[in-house]
Structure formats: structure tokens, C-alpha cells
Amino acid sequence: MAYFYNDNNNIVIKGIMCAVPKNKVCVKDFEKQFGKEVVERFIRNTGISKLHRTLETQTASDLGYEAAANLINKLNIPKTDIGLLIFITQSPDYRKPATACILQKRLNLPFECAAFDINLGCSAFVYGNEIIQSLLKNCNKKYGLLIIAETSSKLAAPNDTATTMMFGDAGSVIIYEKQEIEIKNQASATLLMTDGNRFKSIIVPSGGFRDMHPDNEYYIASDGKKYSKYYSFMDGVGVFSFAVTDVVESIRKFLNKYHKNIEDYDYVLLHQANNLIIKQIAHKLLIPNNKLLYSLQEYGNTSGVSIPLTISNVFGNKHEGNKHILAVGYGIGLSWGVADLFINTNNIFNIIETDEHYDEGIIK
């Protein structure tokens with residue numbers, strides 16, 4: 001297991017802001033397509049009743065940009081002091097260049113800013129949180145931006161009841177600040193894991209360089225449903241089993257490694273995959289319901305954005321002081337991780353809704 005630990009931490013989360021599209025979809029509207037019984041069962045099992053979805057011209061980077069531009073302005077952060085921009089997505093603007101470069105330009109950040117993409121999904125936050133803290137410690141700049149955004153709905157198969165009602169779109173920014181003095185009682189601990197043996201469990205087969213231009217014909221997948229290679233395939237049974245066994249075991253090992261219990265945390269924030277998975281993990285780990293945080297009922301499964309989005313959904317403009325959170329991300333890859341998270345809710349802002357998009361990004 002890959003553990004990362006630093007008991008002399010001087011990096012803090014300065015603020016969090018999230019953005020979702022204005023376009024809101026009610027899951028009950030799918031009754032016309034799938035029937036009332038199917039939709040009601042889906043809502044009951046997943047807990048998802050609403051989604052926000054991008055317009056055709058709106059991308060993940062548009063949502064990330066709106067969140068970042070607004071938060072930089074609210075916190076009055078000098079752009080010359082920003083030395084890192086990490087963009088985590090599986091919905092990039094282009095195959096190349098890295099979308100982080102476009103965001104650096106749009107945000108008008110200095111040339112002296114390292115900017116790059118990371119291709120991760122549901123584990124994006126726990127990975128990104130560790131990566132940006134490690135880099136910022138060795139950077140001569142004061143601030144780093146972790147932008148996570150996803151438009152998973154664009155790859156949901158229209159006739160697949162599992163994915164087309166599940167995935168919402170969202171973007172987020174977490175701004176990290178390096179302070180001159182070390183912060184006591186806020187040790188940074190993270191566990192990161194990968195099982196590439198199960199890479200086919202959640203996959204979009206086409207579009208990469210392994211299979212760039214396959215026929216857009218439907219095939220019968222292992223679950224007996226019809227799919228196109230251009231849409232997301234998810235082995236629901238396999239992913240559920242992974243979440244309630246491997247992920248649960250990793251949380252136990254993390255807690256044992258650092259001699260902690262669930263009671264040591266104010267809250268436990270699990271990736272918002274669906275309500276059934278969250279409840280099963282909570283049951284196995286004896287997590288009381290009042291320690292669980294949620295956003296999926298309003299926003300669906302937003303992939304890697306779900307952890308910061310849930311924080312904003314629960315604490316936006318609440319000013320409830322400092323919170324210690326056990327954050328757990330898990331999914332596509334298969335990739336997962338567990339992290340200690342310390343946040344000051346005074347710097348968590350309400351979720352904004354936007355239809356803005358970047359016209360200059362359309363290459364003609």
C-alpha cells in the first residue's frame with residue numbers, strides 16, 4: 001500500500017468553490033423513456049433525484065474556470081503568487097494540448113505557473129490533494145489551484161438505465177496556501193491504491209489511440225445490454241463488489257495504520273457513487289448516519305468532483321469553523337484512496353450555476 005504522511009504540515013486549504021450547469025434534469029422525467037417502475041426503483045436504490053448537465057457547447061473546463069475565477073476574486077489572491085495549476089478530468093477539451101494550459105491562459109496566470117492535466121475519475125480528489133500539497137511544499141510560490149471537473153453525462157449511453165440517470169456534470173476548485181509556520185495537529189495522511197487488472201470495469205473503449213475510429217455500432221456487453229464503444233460501460237455488479245470489499249478494507253487499514261477510529265472525525269465523506277454503495281460501506285464500518293455527507297440527491301454522481309461538491313453543498317457559506325473529515329474516493333481505473341482532510345468551513349462558498357462557455361476554444 002502507498003501511504004503518504006507528513007506530520008510537519010504547513011499547507012492549508014484556503015477555499016473551495018464549485019460550479020454546475022444551469023440545465024437541471026429531474027430523474028422522474030425519464031419515466032416517459034424507461035417507465036415509472038424502473039425510475040422509481042433507480043431513485044430508491046441510488047438516492048439520485050436531480051442532475052445538472054452541460055449544454056452541448058459547455059465543457060468541464062468551462063465549469064472549472066468559472067469556479068476558479070470566482071474564488072480567486074473572492075479571496076483576493078494575487079495571481080503572481082499562484083505557482084501551480086493541476087486540472088484533473090477525463091473530459092478534456094482536446095486530445096492535446098493539456099486543458100490545464102488553456103485554463104492558465106483563461107485565468108490570466110503568470111508564465112511562472114506549472115500547469116498540467118491528470119487523467120483520473122472518481123479518485124481525483126484524494127490523489128490531487130496529495131499531489132498538490134507535495135508539489136507546493138517544494139515550490140517558491142504561495143498558492144496552488146486544484147481544479148477538478150467532469151462532464152460524464154456526455155458519455156452516458158442514452159438507453160442505459162444505470163448510467164443515463166446517474167451522471168451529473170460539475171466543476172470545482174480547491175485553492176491551497178503555503179503558510180510560513182507549521183500547523184499543529186493537522187498531519188497530512190493519505191493512502192492511494194490502484195488495480196489495473198480491472199481496468200475494463202468502467203471504460204469508454206473508443207477515442208483513444210488504442211481504438212481511434214471504431215464503427216459506431218452497438219454490441220452486447222457482459223451485462224447483456226447494448227452499448228456503443230463511444231459510451232461509458234460499467235460493470236455494475238463488479239464495481240459494487242469492489243466498493244464494499246476492497247475500499248472498505250483499505251479504510252480499515254488506513255485507520256489502523258494511524259491509530260484512528262471513525263469517532264475521531266467530524267464527518268466521513270464517501271465518493272457519491274450511489275446511495276446503496278454509501279450505505280453498505282457505512283454499515284460495514286459502523287459509520288453513524290449523522291457523520292455521512294451527501295450531495296448526490298441534488299447533483300447525481302459527479303465522478304471526481306463529488307468530494308469538493310459535497311463539501312460545498314453542505315458547508316457553503318455556513319461558517320461552522322474547522323472540520324476534520326475522512327475523505328474516500330473510489331472508481332474507474334480501478335483507482336481509490338483515503339485521506340485525512342482538514343477544512344475551515346468559513347472559506348467554503350455556495351455552488352454557482354452557469355451556462356458560460358469558451359467560444360475561442362472552438363477551432364474552425
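The legends below describe close-up views of a predicted model.

Residues are numbered from 1 along each chain as its sequence is written, and side-chain values use heavy atoms, with hydrogens and water left out. Because the model is predicted, local features need pLDDT of at least 70 and side-chain atom pairs count only at pLDDT 80 or more, while totals for chains, interfaces and linings use all residues.

View 1. H2 spans residues 36–46. Helices are DSSP runs of H or I with at least four residues, strands are runs of E with at least two, and both are numbered from the N terminus. Val-39, Phe-42 and Thr-46 of H2 are buried. Buried means under 20% relative accessible area, exposed over 50%, and partly exposed in between, with a 1.4 Å probe and protein chains only. Down the axis of H2, the buried residues fall within an arc of 60°, so they line one face of the helix. The arc is that of the directions from the helix axis to the C-beta atoms. An α-helix has 3.6 residues a turn, so residues three or four places apart point the same way. On the other side of H2, Lys-36, Glu-37 and Arg-44 are exposed.

View 2. Cover for the buried residues of H2 includes helices H1 (31–34), H7 (275–285) and H8 (296–299). Contact here means heavy atoms within 4.5 Å. Just after H2, Gly-47 takes a positive phi of about 80°.

**View 3. The largest nonpolar core.** This core has 45 residues. A nonpolar core is a set of buried Ala, Val, Leu, Ile, Met, Phe, Trp, Tyr and Cys residues joined through side-chain atoms within 4.5 Å. Among the residues with the most contacts inside it are Ile-251, Phe-254 and Tyr-330. Elements giving two or more residues include H2, H7 and strand S15 (322–331). Helix H6 gives the largest share, eight residues. Leaving aside neighbours within four places in sequence, Phe-254 is in contact with residues including Tyr-3, Leu-191, Leu-326 and Val-338. Apart from this core lies another, of 39 residues, among them Tyr-127 and Phe-315.

**View 4. Strand S7 between its partners.** Eight of the eight residues of S7 (residues 143–150) are buried, so the strand is largely enclosed by the rest of the structure. Tyr-143, Leu-145, Ile-147 and Ala-149 lie on one side, and Gly-144, Leu-146, Ile-148 and Glu-150 on the other. S7 pairs with S5 (residues 82–88) in the parallel sense over six bridges; pairing requires at least two DSSP bridges between two strands. Leu-84 stands opposite Gly-144. With S8 (residues 170–178), S7 pairs in the antiparallel sense over eight bridges. There, Ile-147 stands opposite Val-173.
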